Amino acid sequence: MSAYRVALLAFPTIRSFDVSVITEVWGTDRTDRGVPAFELRRCAADRTAVAMPGGLSLTPDRTLAWLDRADLVVVPGVVDPRAPTPPEVLGALRRAHARGVPVAALCAGAFVLAQAGLLDGRRAITHWSLADLLQQEHPATTVVPDALFVEATDGEDAPGPVWTSAGTAAGIDLCLHLVRTHHGAEAAAAVARSMVTAPFRAGTQAQFIERPTAPEDRGADALASVREYALRHLHEPLPVGALAARAGMSPRSFARHFTATTGTTPARWLLEQRLAAAQKYLERTDLPMPEIARRTGFGSEVTMRQHFAARLATSPRDYRAAFSPRADR
């Protein structure tokens with residue numbers, strides 16, 4: 001099987017952190033750990049070194065023509081979101097998108113996609129401090145205020161998905177999500193382990209927005225032991241009331257503290273953990289669907305199938321067929 005081809009779009013003012021994230025995720029050979037082979041290319045208008053902040057530079061190894069061969073195009077964030085993007089870069093993005101290639105932008109890279117017209121009539125996200133500016137500068141875009149990353153599939157004449165992420169660390173979340181989407185949860189987990197980061201973060205950008213924090217919500221995460229308990233007992237019902245009792249709180253207080261700590265509700269967090277566990281069982285084992293549903297707390301195959309369709313836009317059986325090595329036997 002040929003390597004999955006990823007184009008890193010390079011042009012002046014791109015952020016070095018985002019370039020490093022893209023390179024770390026797709027530019028490191030982890031085939032010995034079961035991760036598919038990737039071919040990452042740095043694509044620019046020409047082979048001239050591209051200047052980045054901090055006295056760094058990036059040397060392209062392909063021109064923009066390579067985007068015609070790419071399976072994925074990733075745009076790093078930019079230092080100045082108001083700066084005009086070179087027309088040849090915008091044209092290359094439009095052509096790749098029209099060909100059906102998934103296009104992703106990290107942080108303020110959303111402004112580049114907006115300049116290319118790829119966010120017109122679509123949902124998008126950027127760093128919380130730039131969200132208002134993105135909405136003002138590009139009113140045809142619907143800016144989502146509190147997501148970590150967003151897939152735009154709701155626009156007219158959208159041949160390929162367009163992804164945007166919130167600031168800095170959310171770019172890592174998006175890159176790992178793209179690995180998970182195309183290559184499975186096991187591959188994303190392997191990449192995340194080598195990067196010493198979480199393969200999936202539940203929650204929203206709202207937890208990082210600057211705002212006063214109530215004194216009782218400051219300090220260490222007092223709910224860590226409850227979350228650890230839930231992960232060890234996913235096969236059980238785990239109602240919020242029972243988890244609250246383990247934390248020594250009322251259900252209402254528990255839900256408030258949990259959301260303040262994780263950026264998501266207890267029920268939504270628990271659902272994400274059940275889905276992640278089910279994905280691992282589907283990839284690693286031959287267990288029948290009802291048994292996987294029981295072990296992960298969904299109770300029935302029907303319920304598990306409904307949540308897979310709503311959250312992952314696929315069925316457990318199709319997911320296993322796509323990502324389990326056993327499916328090829």
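The model is predicted, so local features need pLDDT of at least 70 and side-chain atom pairs count only at pLDDT 80 or more, while totals for chains, interfaces and linings use all residues. Residues are numbered from 1 along each chain as its sequence is written, and side-chain values use heavy atoms, with hydrogens and water left out.

**The chain as a whole**

The protein chain has 13 helices and eleven strands; these are DSSP runs numbered from the N terminus, with helices being H or I of at least four residues and strands E of at least two. Of its 329 residues, 48% are buried, where buried means under 20% relative accessible area, exposed over 50% and partly exposed in between (1.4 Å probe, protein chains only). The accessible surface comes to about 15500 Å², and 52% of that belongs to carbon and sulfur atoms; such areas come from the Shrake-Rupley method with a 1.4 Å probe, and for residues only the protein chains shown count as cover. Counting contacts (heavy atoms within 4.5 Å) with a separation of 6 or more, 63% link residues 24 or more positions apart.

**The sheet**

Seven strands make an open sheet of mixed pairing, in the order β5-β2-β1-β6-β7-β11-β10. β5 (62-63) and β10 (149-152) stand at the edges with a single partner strand each, so one side of each has no neighbour in the sheet. Two strands pair if DSSP finds at least two bridges between them; β10 and β11 run antiparallel and are joined by four bridges. E151 stands opposite W163 in β11.

**Helices**

Two helices can be set side by side; the expected span is 1.5 Å times one less than the number of residues.

| Helix | Residues | End-to-end C-alpha distance | Expected span |
|---|---|---|---|
| α2 | 87-98 | 16 Å | 16 Å |

Helix α2 lies across β1, β6, β7 and β11, at about 145 degrees to β6. Axes here are lines fitted to C-alpha atoms, for helices over the stretch in contact, and angles run from 0 to 180 degrees between N-to-C directions. The buried residues of α2 include V89, L90 and L93, and its buried residues pack against elements including β1 (4-9) and α3 (110-115). After α2 comes G100, with a positive phi near 95 degrees. Helix α1 (residues 16-26) lies across β1, β2 (38-44) and β6, at about 150 degrees to β2. In α10, the buried residues include W269 and L270.

**Cysteines**

C43 counts as buried because its relative accessibility is 0%. The model has zero disulfides, a disulfide being a pair of cysteine sulfur atoms within 2.5 Å.
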